[in-house]
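Here is a short briefing to read alongside the model. Take a moment with the fold, and then we can go through its pockets and one of its helices together.

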Amino acid sequence: MSDLFSSCRFWALLSAAFAAATAILAKAGVEGVPPDVATFLRTVVILALTGGIVVWAGQVPDLARLPGRTVGLLVLSGLATGASWLCYFRALSLGEASRVAPLDKLSVVLVALFGAAFLGERLAPHHWLGVALIALGAGLLAWRG
């Protein structure tokens with residue numbers, strides 16, 4: 001069981017399941033509510049949850065030991081996350097979850113491209129084929145026709 005909990009695939013699949021639940025619950029919850037208000041409430045819940053986890057795990061002292069570069073990068077990541085969530089909730093308030101979520105998942109394609117361009121990550125040709133198929137699939141799911 002400990003092998004399972006130390007597997008990036010396990011956590012990534014669990015993340016995907018929670019992301020799917022997020023889309024469905026958010027679409028149902030954003031109805032009749034300004035998307036910015038919905039995003040704010042979601043963010044408060046996440047802050048309380050993760051804050052509680054940090055306190056429970058005794059990791060509060062770790063906050064003071066974070067290097068400046070790490071803090072800066074995580075702040076930028078947080079700003080990007082906030083912008084992503086605001087855009088996502090706005091999209092959900094305007095469209096169907098089954099069409100919005102696939103376009104949002106084009107982030108997978110962008111991560112592959114940015115990882116190669118900025119982090120020096122290398123993907124094999126068959127991996128690039130998978131990236132292309134994800135892009136094609138997202139387009140097909142979002143296309144009205």
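What volume does the largest pocket have? In this predicted model, the largest pocket has a volume of about 790 Å³. The second largest pocket comes to about 350 Å³.

**The largest pocket**
- Its lining is made up of 21 residues, and Ser84, Asp104, Ser107, Val108 and Val111 are the closest to the pocket centre.
- Helices H2, H5 and H7 (107–118) are the elements that each give two or more residues to this lining.
- H7 gives the most, with 8 residues.
- By class, the lining of the largest pocket holds 11 nonpolar, 6 polar and 4 charged residues.

**The second largest pocket**
- Here 15 residues form the lining, with Leu41, Arg42, Val45, Ile46 and Phe89 nearest the centre.
- The elements giving two or more residues to the lining of the second largest pocket are H2 and helix H3 (35–56).
- H3 gives the most to this lining, with 8 residues.
- The lining of the second largest pocket divides into 11 nonpolar, 3 polar and 1 charged residues.

- Helix H6 spans residues 97–104, and its buried residues are Ala97, Val100, Ala101 and Pro102.

Notes: Residues are numbered from 1 along each chain as its sequence is written. This is a predicted model: local features need pLDDT of at least 70, side-chain atom pairs count only at pLDDT 80 or more; totals for chains, interfaces and linings use all residues. Side-chain values use heavy atoms; hydrogens and water are left out. Buried means under 20% relative accessible area, exposed over 50%, partly exposed in between (1.4 Å probe, protein chains only). Helices (H or I, at least four residues) and strands (E, at least two) are DSSP runs, numbered from the N terminus. On a 1 Å grid over the protein atoms alone, a cavity is a set of points where a 1.4 Å probe fits but cannot get out, and a pocket is an open set with protein on both sides within 12 Å along at least five of seven lines; lining residues have an atom within 4 Å of a point. Grid points are joined across faces, edges and corners, and a volume is the space filled by probe spheres set on the points. Ala, Val, Leu, Ile, Met, Phe, Trp, Tyr, Cys and Pro count as nonpolar, Asp, Glu, Lys and Arg as charged, and the others, Gly among them, as polar.
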